[in-house]
Amino acid sequence: MAKAPVLTPRGDDFPRWYQDLITKAELADNGPVRGTMVIRPYGYGLWERMQAEMDARIKATGTQNAYFPLLIPQSYLTREADHVEGFAPELAVVTHGGGKELEEPAVVRPTSEMIINASFSKWVQSYRDLPLLINQWANVVRWELRPRFFLRTTEFLWQEGHTAHATYEEARDFAAHIHRQVYEDFMVNVLAMDVVPGRKTAKERFAGAVNTLTLEGMMGDGKALQMATSHELGQNFAKAFQTQYLSKDGRQELVWQTSWGSTTRMIGALVMMHGDDAGLRVPPRLAQIQAVVLAIKGDEAVLAKVREVGDRLRAAGVRVHVDDRTDIPFGRRAVDWELKGVPVRIEIGPRDLENGTAMLARRIPGGKAPVSLDELAELLPKVLEEDQELLLTQSRERRASRTADVTTIEEAVEAATAGGWARIPWAVLGEEGEAALAEHAVTVRCLVAEDGSVPDDGDAPGNVAVVARAY
């Protein structure tokens with residue numbers, strides 16, 4: 001009898017494959033409250049690497065990390081009408097504490113514009129206090145009716161940046177800088193993900209924003225996933241909280257603001273964009289374990305060589321894990337590391353020692369080949385960079401091959417429902433066409449200019465709508 005596959009094949013049932021992979025690669029488990037999840041150590045290790053890479057990029061902009069309370073007075077949310085309307089269906093509200101009913105209910109933060117603006121209104125007094133650039137790494141709660149690991153959970157982890165500026169132009173440019181030099185740079189150069197930078201339509205923009213910039217990625221099944229967003233908030237929240245500064249001219253002026261965020265949803269994107277029927281494939285620049293050195297048998301000479309190789313690779317700057325658990329069958333261990341998507345396996349047994357070689361298994365392109373033990377430390381960094389580039393190339397080729405340029409709404413729906421994306425002139429689609437797409441569960445993911453750049457205006461001539469079904 002044929003051996004049953006470890007995972008449901010992607011082509012048979014993509015959602016089931018996704019759930020299987022999350023569980024069997026030990027990324028996450030269900031929490032006790034519906035819609036919550038436990039992020040297991042291997043999954044959290046991916047998030048820690050994402051945090052480190054993004055945190056460095058965020059701090060390079062001059063932004064500082066801070067922390068704000070989880071609980072927000074309910075009255076704060078009523079200060080910006082569009083904002084509260086956008087989040088009202090997702091709110092979790094605390095009405096009792098210490099065994100007593102609270103005088104004022106508290107909302108568990110769905111986002112922190114309100115609580116942070118309360119502080120900004122106290123901290124900003126003069127033009128000398130600007131720009132004020134703050135980021136926090138935190139958890140948020142949005143009550144989710146259709147939960148799915150990493151993509152939509154009631155509680156998730158993220159970073160959220162909030163800034164205040166003296167002028168509209170400065171705020172606009174800062175939001176754009178975060179969009180391209182922080183988020184896009186990280187996604188392309190670390191996550192090896194081809195993403196489309198664009199501008200959200202008025203219907204799709206963040207509640208309370210005057211403009212939302214987005215990065216959209218195509219998953220393995222052709223659906224889109226919003227990866228990160230950067231918002232121009234204008235003066236909406238400044239008016240609500242009277243966040244003003246004394247200008248150089250001696251006038252009281254309202255600040256201009258931005259907010260921007262990315263979440264543990266990126267782990268879900270990593271699975272769906274790079275995963276295959278054998279499991280996850282982790283980009284080498286992201287991987288907390290870039291290479292695992294496996295002892296095939298519990299021979300003392302083999303174990304000694306495995307540990308020695310591990311030390312040599314660490315000295316060469318490779319993030320290495322030595323797997324010398326020879327009480328567990330080698331085949332099972334190899335499958336587990338393949339599921340987890342570790343870029344390279346180095347397998348060493350008694351015969352390899354005799355030959356002065358190791359078996360090098362590359363997870364991303366696939367395949368195995370013997371290599372000299374003496375050459376490993378020099379070879380491996382080159383192999384890892386090759387495989388990083390291959391993942392990005394595959395991601396780009398997938399989007400290019402599954403995106404159609406169309407001229408009618410019917411063609412756009414057909415392309416999206418067939419498992420791809422469509423590009424259609426915004427002048428042809430417009431808000432009425434956007435509503436027509438929604439009847440087929442198709443949305444405008446973003447607007448781009450004719451040359452693929454991010455347009456300065458949502459209604460600029462030549463704008464193109466990128467449309468798809470989405471998570």
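**View 1. The buried residues of helix H12 (376-401).** In this predicted model, the buried residues of H12 are Leu-376, Leu-380, Val-383, Leu-384, Asp-387, Gln-388, Leu-391, Leu-392, Ser-395 and Arg-398. Buried here means under 20% relative accessible area, with exposed over 50% and partly exposed in between (1.4 Å probe, protein chains only). An α-helix has 3.6 residues a turn, so residues three or four places apart point the same way. H12 has 26 residues and reaches 36 Å from first C-alpha to last, close to the 38 Å expected; the expected span is 1.5 Å times one less than the number of residues. Helices (H or I, at least four residues) and strands (E, at least two) are DSSP runs, numbered from the N terminus.

**View 2. Helix H14 (426-438) and its bend.** H14 spans only 15 Å between its end C-alpha atoms, while a straight helix of 13 residues would span 18 Å. H14 bends by about 65° at Glu-432, taken as the angle between axes fitted to the seven residues ending there and the seven starting there. Its buried residues are Trp-426, Leu-429, Gly-430, Gly-433, Glu-434 and Leu-437. They pack against helix H13 (409-417) and strands E21 (421-425), E22 (443-448) and E23 (464-468), with contact meaning heavy atoms within 4.5 Å.

**View 3. An open sheet of five strands.** The order is E16-E15-E17-E18-E19, with mixed pairing; two strands pair if DSSP finds at least two bridges between them. E16 (320-323) and E19 (368-372) stand at the edges with a single partner strand each, so one side of each has no neighbour in the sheet. Neighbouring strands are turned by 25° against each other on average, direction ignored. E18 (357-362) and E19 run antiparallel and are joined by five bridges, and Ala-358 sits opposite Val-371 in E19.

**View 4. Helices H9 and H10 across the sheet.** H9 (300-315) lies across E15 (291-295), E16 and E17 (344-348), at about 165° to E15. H10 (330-340) also lies across E15, E16 and E17, running at about 175° to E15. Axes are lines fitted to C-alpha atoms, for helices over the stretch in contact, and angles run from 0 to 180 degrees between N-to-C directions.

**View 5. Gly-279 in its loop.** Look for Gly-279 between helix H8 (265-274) and E15. At 0% relative accessibility, Gly-279 counts as buried. Leaving aside neighbours within four places in sequence, Gly-279 contacts Leu-7, Leu-21, Glu-338, Leu-339 and Arg-363.

Residues are numbered from 1 along each chain as its sequence is written, and side-chain values use heavy atoms, leaving out hydrogens and water. Local features need pLDDT of at least 70 and side-chain atom pairs count only at pLDDT 80 or more, while totals for chains, interfaces and linings use all residues.
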